[in-house]
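Here is a friendly briefing to read alongside the model. Please keep the sequence and the 3D view open as you go.

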Amino acid sequence: MERGKQKYNIANGGAKRANITTSTSVSFNIVALLEGRGSDRGTVGMAAIDLRSMEVSLFQFVDTSAYSLLKVTLGLLDPLEVILQDYTHDKFGVARVLYDVVTDLFPEAEIQLVSRRYYDEEKGIELVKRYIVEEASNLDNKVYKKSLAMACVFSLLRYVEMIQKVSFLTKSLKFRYETVEDSCLIDVCSWDNLDLFHRRKSNPKKGEVRCLFDRVNCCVTNGGARTLSSFLLQPSVDVMEISERLDVVEELILEPTVLERCRRLLRTVQDLQQIITLCVHADKSTSGENDNKRLMRQKIIQILSLRNLLDTLKPMQSIVQNMRSGLILKNAFKIMDPRLKEILQLIDEKIDNEVLSNNVKGSLGAKDAVLYAVRDDQHVQLALARKVYNELLVHVNELVSQEGFQGIGASLSYTYGKGYHYNIKKKIVNTLPPECLQVVSNRQNVTFTTHNMIKYNDRLVQLESEILQKSEMVVNQCLAGVKDLLPALYSCVEFLSLLDCLCSFATYSSSISVACRPRFGTQMAVKDGRYAILDNDKTDFIPNDTFVSTDTRFVLITGPNMTGKSTYLKQICLLQILAQAGCFVPARAALFMVRKSIYCRIGHNDDLSDNLSSFGVEMSEMSSILNHADENSLVVVDELARSTAVEEGISICFAIGEELIKKKSVVLFATHYLDLCLLETKFTCLRNFHFSSETGTDEDGKEFLKPSHVLHVGPYKGPLYGLELAEISSLPSEIIANARGIAEKIRSTVESKRAASNVDIGMERKRQFCILAHRILHLIDRHNFTADEKSVAYLLQLQEKFKDLKADS
């Protein structure tokens, strides 16, 4: 980093990010971490600041030995840099373990190791009380007692002031204490397994959908995209909060005109958090002249953007006032705050409104908007400098006529890099006169200048610097007045980001072929559920039903390869996440049980960095799941233990399945081990399902597998799918025949064991009674239950089912 310069130029997009998790919203977070010692071992404190908005987030929580909560929280922040205690002087080895966890999770993040003395709790509390905007923050006395979080604040703020060459102003920062325990925990491995986000080095192509975020993200502001990513990675577990979000989404879907008006107005809003950044610190950087001019331009542009926002709020207020959803009405005051009008008045006193209505496009229009933004009467020398500047522009236009280049088709152009220069079509000129300088030829045009034009440009640049300096003085006065009204801006940004996220949910829900509002109860029942990432009008996707209750909470799925087992497992998880995030789901009807944690073990990869084979990775991930899963968890396991011997694999799956059943988690377990179907004879909560496949013949007479992608009840009893694939290959027929005979003997042995179970029939009847009872209770618990014809017919159908079960008993 050059001396005197800011490390990150946020106005120009900041540092290039390779570890980007979203396609439209780049993270500029810096994080300070500290783990407690002695009796506080396992307690992690964290402070994070977003360099664009200068909002500070505080965390302190008791974590597991695998740092599950820390990994999720850091994954959501996606930090540029992480400040850690220097482990070389740590006698207990705690800091080294934390260092290894962070570098493994974010290998491209910059790590700053600092001495333990820079984590000072008392100084951290002092800084918070000095800088906090009480109205916009949620800190109370309990938070000030979070010693590790407060120690991290001191290290973080001092480091940011050093690298960004700024000094924070008093009463200017928004502090938020975040409780990670109040949301659904989705571990970092599940993010990748479920394709929630992609850690990628390149942005997706236009229209390309590679993950759930890409599919759902219709946000038009950066703040909305950040809110959306937070909702998807940390879904709510509060049914009331989820219902409030769904109310807004439903209203926007039913009122497409309101939805389009909201999105159209939100498109005009710039990234307001950069505006707030200008108000929270004083710049101490000693940059070069060009950088100073750029920063002055950015400051003026941001104040113009703020003025544009305040104009946008007027029609937005009228829309919001006419909406019926409780969440919107409860938060509408944030864009109707009288202090926003005070900010508008402050700006109008300094800024010329006519600049905002200037329709000149390109570099020239942007330059004029900045140079003429501040009113002439705000500074005497400003008016004089503009007068001289305008006279020079007249001379520049006269010079064009005097030099006579119009006769050969040349015209006057302007760019930031070259200033005023001549531009001529390449096809109408062969050679240029010798007085033409700095000739540059591209595909279609030729640009050049002259000695006289260079002299005028030099003088214009000097005057532009003078105008910008005087304008910046006025803008700084304006920002000083805005600083006292910062709470109103913080609240306004928060509301617009929430509204943009909910508009994104509504836009996505309106775009898919089938969508319904999810409900919540004591069971999971999905009718015609679809895979959220692939589901659109152009995809021929086959939907499937799902039914899970507390009495049938373990779903075992068997079937051939490529029939849809893995997709179905992901589908259920994505539907659960969308529902708890507050979005409509791709299904005809959907009822969910609120889950406080979701664990997904899908994949088959070695981990060479940790010297783990595929089987080692599987066992490591399953160990973590078994340590944390409980009755409020949704666990998804796909083809476990397929990388070891069959006997070992089956026994491991049996043991893990029994343990998950004891923990009373909701489990979806896909496997090729048909022996696992015998668990149904031991546990009434387990139900067997399968995906089937058929063999077809193409036009050339070659056989191919034709999967149905339809879920069926019961274990798989179809063709030996591995041998079907082998027959299509070039393996000798005698080898396949021998293999088929052995496989048939093994299968008959399994079937005979299942048939020999004395409790099989009784347990199946008990299971059917439980399912029948759940359906009756679900019908009664419906809020809109009425004795209409459909309800009566359904009850009669259940009654007949009950009679049949009773007769069989």
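This is a predicted model: local features need pLDDT of at least 70, side-chain atom pairs count only at pLDDT 80 or more; totals for chains, interfaces and linings use all residues.

Residues are numbered from 1 along each chain as its sequence is written, and side-chain values use heavy atoms, with hydrogens and water left out.

**The chain as a whole**

- The protein chain has 26 helices and 23 strands; helices (H or I, at least four residues) and strands (E, at least two) are DSSP runs, numbered from the N terminus.
- Of the 809 residues in the protein chain, 52% are buried; buried means under 20% relative accessible area, exposed over 50%, and partly exposed in between, with a 1.4 Å probe and protein chains only.
- Among contacts in the protein chain with a separation of 6 or more, 74% are between residues 24 or more positions apart; contact means heavy atoms within 4.5 Å.

**Helix α22 and the annotated span**

- Just after α22, Lys664 takes a positive phi of about 65°.
- An unreviewed UniProt entry lists residues 633–649 for "domain: DNA mismatch repair proteins mutS family"; UniProt positions are given in the numbering used here, feature names are shortened, and annotations may be inferred rather than shown by experiment.
- Residues 633–649 are 24% helix and 35% strand, and the end C-alpha atoms of this span lie 24 Å apart.

**The six-strand sheet**

- An open sheet of 6 strands runs in the order β5-β4-β1-β2-β3-β7, with mixed pairing; two strands pair if DSSP finds at least two bridges between them.
- Its edge strands are β5 (110–114) and β7, each of which pairs on one side only.
- From one strand to the next, the twist averages 20°; axes are lines fitted to C-alpha atoms, for helices over the stretch in contact, and angles run from 0 to 180 degrees between N-to-C directions.
- Strand β1 (residues 29–35) runs antiparallel to β2, joined by 7 bridges, and Leu33 stands opposite Met46 in β2.
- Strand β2 (residues 43–50) is likewise antiparallel to β3, with 7 bridges; here Met46 has Phe59 in β3 as its bridge partner.
- The hairpin of β2 and β3 has 4 residues between the strands, and Met54 there takes a positive phi near 60°.
- Strand β3 (residues 55–62) has 7 of its 8 residues buried, so it is largely enclosed by the rest of the structure.
- On the β7 side, β3 runs parallel to β7 (residues 174–177) with 4 bridges, and Glu55 has Lys174 in β7 as its bridge partner.

**The nonpolar core**

- The largest nonpolar core has 230 residues, and those with the most contacts inside it are Leu33 and Phe175; such a core is a set of buried Ala, Val, Leu, Ile, Met, Phe, Trp, Tyr and Cys residues joined through side-chain atoms within 4.5 Å.
- Helix α19 (residues 486–511) gives the largest share of this core, 16 residues.
- Setting aside neighbours within four places in sequence, the contacts of Phe175 include Val56, Leu58, Val128, Tyr131 and Ile132.

- An open sheet of 4 strands has the order β10-β11-β13-β12, with antiparallel pairing.
- Strands β10 (411–415) and β12 (437–441) stand at the edges with a single partner strand each, so one side of each is left without a neighbour in the sheet.
- The twist in this sheet averages 35° from one strand to the next.
- Strands β12 and β13 (residues 445–449) pair in the antiparallel sense over 3 bridges, and Ser441 has Val446 in β13 as its bridge partner.
- Helix α17 (residues 380–403) packs on the sheet, touching β10 and β11 (419–425), and its direction makes about 35° with that of β11.
- Helix α18 (residues 451–483) also packs on the sheet, touching β10, β11, β12 and β13, with its direction at about 140° to that of β11.

**Val400 in helix α17**

- Val400 has its place in helix α17 and is buried, with a relative accessible area of 5%.
- Leaving aside neighbours within four places in sequence, Val400 is in contact with Phe405, Gln406, Leu412 and Tyr422.
- Val400 and Tyr422 are 22 residues apart in sequence and 8.7 Å apart in space, C-alpha to C-alpha.
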